[in-house]
Amino acid sequence: MSRHLRPRVAAWLTSMFSGLALAATPGVDAPPPPQTPRPVVVPAFEQQQLANGLTLVVAPRHETPVVTLSVLVRAGPEFDPPGRSGTAAMTASLLTKGARRGGKPVPATEIARQAEALGGSLDSASGWRSSTLTMTVTTPKLAAAAALVADVVRQPILAAAELERARAQALDGLRVTLGDPGAVAGMVARRAFWGDSAYGGIATPASLKHITRADVLAFHAAAYRPERTVLVLAGDIEPAQARQLADKLFGRWRGAARAHATARPDAASPLPDPLVLVDMPGSGQSGVVVAAPFVAADAPDRRAGQVASAVLGGGYSARLNQEVRIKRGLSYGAFSEAEAHPGGGMEQAATQTSHPNAAQVLQLMRGEIERLAEAPPPADELAARQATLVGSFARRLETTGGLASVVVAQLVQNRPLADLRYTVDEIMAVTPEQVQTFARTHWRGQALRGVIAGDLQAAGEALAALPGPVRRIGAEAMNLEAPSLAGP
């Protein structure tokens, strides 16, 4: 953190915690006094490339004898084949369900037992432009854990029986999700905003049923290749030791001789209708979502956008929750988050409320998004949200797992790791005027897309007063794979 910013952060944090201490209930032990604020220290990263194209990143931290291994494959749902959304996620989930080790097939139960014997667990996930496998172990177990991770990534069995189990679990989970108005509103908002672009893809019961073992094998062969892979080692390890380990376990990996995975176009293609109503008769509440444009991961105003997003819905005291919950009691919570991709991004504000209040809540959320463009946030409000962002970033750096996740997130955004050292300064340098300019540039009313999913009859006549045009869809006719969101 730069010298001229550090005192400001210290003052804000001291003021905040002092206020909490003074507010303690008489007769109840007060919280301890605030400590002297510490600077946020981003460790030095060592980045190398193996001869086969695999990238190695080492983040040494020797305070405790623990290391987190994280393998990042730069491919996710944006590479799902047409009509088979969920292939990337299914492939990632099957990594830990069996692999060849020492020339022999090892089933899922034995893989889990071996991971537990090392004192850790294998955690796989799939997200936009990323498929990951992560494990945290003590330093003496590192070599054995790295060998297990390498085998699981490079030589998974991807068995048909495990695919069927994973499919059944995914379908069960999706049935629950499709009965949740909040989740449905979020999925519809994604499709309404992104359309048929890469980031509009959503796994549906139909797409999951179409995925075959051949699809999973093809995805692994095309996407899981050394030139797409990053091995991150964060914790009690030196760069030379990490390089030796990477060469031994990944150096001979060449990948399958198949065509590379191809992503779909990534530019948003929103529906022309600014409002979508999804009728879910008998649902307990209504899910309400407003989607707005965000910027690309490398946009010059990305930090202003990050702070603007935090001002809007980045915490309990942020504007959305203030207006919807605290002032009016219309919901248990209203928040927003932003996602940034190479071709652009999306801000999504979301909440759930009673059916009769759905129209009001939608208008309140739209109003808060647009209000940020009309006037800059006061300095104290901005400072609180900046402190929240800085605190969240700093906490992630405190553990090896959090540190590895910071590295992975930066690489997924295709940004240099060295830029992480400027994160705090860049956040703290954002001004109220820059927040307003960002909102004025990107969050105008015509760019917003709203969704209400719930019992529309119970929502009453207030829906008719919402600005249109409106697209109305019955839940039984909803098709998240169709451009119109309905029909075959």
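Q: Does helix 2 pass helix 5 in a right-handed or a left-handed crossing?
A: Helix 2 crosses helix 5 in a right-handed sense. A crossing is left-handed if the near helix is turned anticlockwise from the far one by less than a right angle, and right-handed if clockwise. Helices (H or I, at least four residues) and strands (E, at least two) are DSSP runs, numbered from the N terminus.

Q: What kind of model is it, and how are residues numbered?
A: The model is predicted, so local features need pLDDT of at least 70 and side-chain atom pairs count only at pLDDT 80 or more, while totals for chains, interfaces and linings use all residues. Residues are numbered from 1 along each chain as its sequence is written, and side-chain values use heavy atoms, with hydrogens and water left out.

Q: Back to the helices. At what angle do helix 2 and helix 5 pack?
A: Helix 2 (residues 87-94) packs on helix 5 (residues 160-177) at about 120°, and their axes are 10 Å apart. Axes are lines fitted to C-alpha atoms, for helices over the stretch in contact, and angles run from 0 to 180 degrees between N-to-C directions. That angle makes helix 2 oblique to helix 5. Angles under 35 degrees count as roughly parallel, over 145 as roughly antiparallel, 65 to 115 as roughly perpendicular and the rest as oblique.

Q: Which residues make the contact?
A: Helix 2 contributes Met90, Ser93 and Leu94, and helix 5 contributes Glu162, Leu163, Ala166, Arg167 and Ala170. Contact means heavy atoms within 4.5 Å. By class, the contact of helix 2 with helix 5 has 5 nonpolar, 1 polar and 2 charged residues. Ala, Val, Leu, Ile, Met, Phe, Trp, Tyr, Cys and Pro count as nonpolar, Asp, Glu, Lys and Arg as charged, and the others, Gly among them, as polar.

Q: And how do helix 10 and helix 13 cross?
A: Helix 10 (residues 302-313) and helix 13 (residues 379-396) cross at roughly 110°, with axes that come within 9 Å. That makes helix 10 roughly perpendicular to helix 13. Gln306, Val307, Ala310 and Val311 of helix 10 meet Glu381, Leu382, Arg385, Gln386 and Leu389 of helix 13. That contact has 5 nonpolar, 2 polar and 2 charged residues.

Q: New topic: how many aromatic pairs are there?
A: A search of the whole structure finds 6. In one of them, the ring centres of Phe250 and Trp253 are 6.1 Å apart and the planes are at 50°, so the pair is tilted. Rings of Phe, Tyr and Trp (its six-membered ring) pair if their centres lie within 6.5 Å; planes under 30 degrees apart count as stacked, over 60 as edge-to-face and the rest as tilted. Trp128, Phe193, Trp194 and Tyr199 form one aromatic cluster.

Q: Is Phe250 buried or exposed?
A: Phe250 is buried, at 2% relative accessible area, and Trp253 is buried at 5%. Buried means under 20% relative accessible area, exposed over 50%, partly exposed in between (1.4 Å probe, protein chains only).

Q: Where does Leu122 lie?
A: Leu122 is in the loop between helix 3 (108-117) and strand 6 (123-127), and is buried at 13%. Leu122 and Leu133 are 11 residues apart in sequence and 6.7 Å apart in space, C-alpha to C-alpha.

Q: What is phi of Arg129, and where is the residue?
A: Arg129 has a positive phi of about 60° although it is not a glycine. Arg129 lies in the loop between strand 6 and strand 7 (130-138).
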